[in-house]
Amino acid sequence: IGIQMAKHLVSMPLPDDYQKIQATLPKLRHSDHWLLVHVIYENCNCTNALTTSLLERGVQPDAEEWVLYVDAGAGTQEQFEAKGFSFLSKTSAEMEHQYGIEAAPMLLIFSPEDRLLYGGGYFERPSVFRSQDTRVLGRLKENKSVEALPVYGCAVSPRLQELSAPFGLKL
């Protein structure tokens, strides 16, 4: 029971180096608006509430929003695109290799000038309560500082999955 509860009490690591993220993700951009990139992992129960929240609200005004979905299931892309999100499916290995992202859900926000201003989680506490993505974006638009929230969720990369589940138990 303790092993199963661990992921709900401990945050996953943020990327060691945001240079890969800064060098690659702004290239997704099709507009000069704020760019939000939502990293979501199909095999993580922690992202269900987040996915529902994003689909209910749709794309923010004056923002371009991408969903980088790890191991997307059938119909997932269509759901997000119907709400105005751009969508890209990646494997967990691709997510780690191309972007250096090893855990999800993770939010990345770039200014209209392509500067990464936020790279962190969505939630203030371990149990999913209320996504802070719109609050974080609002503060950044007002030129206020925002401290990165922890990533409460699941290991995405094979390396982090091995570290977090050494006996083969899914956390």
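Q: How many of the five residues of E5 are buried?

A: First, some conventions. This is a predicted model, in which local features need pLDDT of at least 70 and side-chain atom pairs count only at pLDDT 80 or more, while totals for chains, interfaces and linings use all residues. Residues are numbered from 1 along each chain as its sequence is written, and side-chain values use heavy atoms, with hydrogens and water left out. Helices (H or I, at least four residues) and strands (E, at least two) are DSSP runs, numbered from the N terminus. Buried means under 20% relative accessible area, exposed over 50% and partly exposed in between, with a 1.4 Å probe and protein chains only. In E5, five of the five residues are buried, so this strand is largely enclosed by the rest of the structure. Met106, Leu108 and Phe110 are buried on one side of E5, and Leu107 and Ile109 on the other.

Q: In what order do the five strands form the open sheet?

A: Strands of a sheet pair through backbone hydrogen bonds, either parallel or antiparallel. Two strands are taken as paired if DSSP finds at least two bridges between them. Here the order is E3-E2-E1-E5-E6, with mixed pairing. Strand E3 (86-90) and E6 stand at the edges with a single partner strand each, so one side of each has no neighbour in the sheet. On average, neighbouring strands are turned by 15° against each other, direction ignored.

Q: Which residue is the bridge partner of histidine 38 in E5?

A: Strand E1 (residues 34-41) pairs with E5 (residues 106-110) in the antiparallel sense over five bridges, and the partner of histidine 38 is leucine 107. E5 also runs antiparallel to E6, joined by four bridges, where leucine 108 stands opposite glycine 119. The hairpin of E5 and E6 has five residues between the strands, and aspartate 114 takes a positive phi near 75° in this hairpin.

Q: Which residues of H5 are buried?

A: An α-helix has 3.6 residues a turn, so residues three or four places apart point the same way. In H5, Ser92, Met95 and Tyr99 are buried. Seen down the axis of H5, the buried residues fall within an arc of 75° (taken from the directions from the helix axis to the C-beta atoms), so they line one face of the helix. Glutamate 94, also in H5, is partly exposed at 32% relative accessible area. Just after H5, glycine 100 takes a positive phi of about 75°.

Q: Is serine 131 buried or exposed?

A: Serine 131 counts as buried, because its relative accessibility is 14%. It lies in the loop between strand E6 (116-120) and helix H6 (133-141). Contact means heavy atoms within 4.5 Å; leaving aside neighbours within four places in sequence, serine 131 is in contact with Leu50, Ser53, Tyr122 and Phe123. A polar contact is a pair of N or O atoms within 3.5 Å; within protein, one must be able to donate a hydrogen and the other to accept it, and residues adjacent in sequence count only if both atoms are side-chain atoms. The side chains of serine 131 and aspartate 133 make such a contact at 2.8 Å.

Methods:
Axes are lines fitted to C-alpha atoms, for helices over the stretch in contact, and angles run from 0 to 180 degrees between N-to-C directions.
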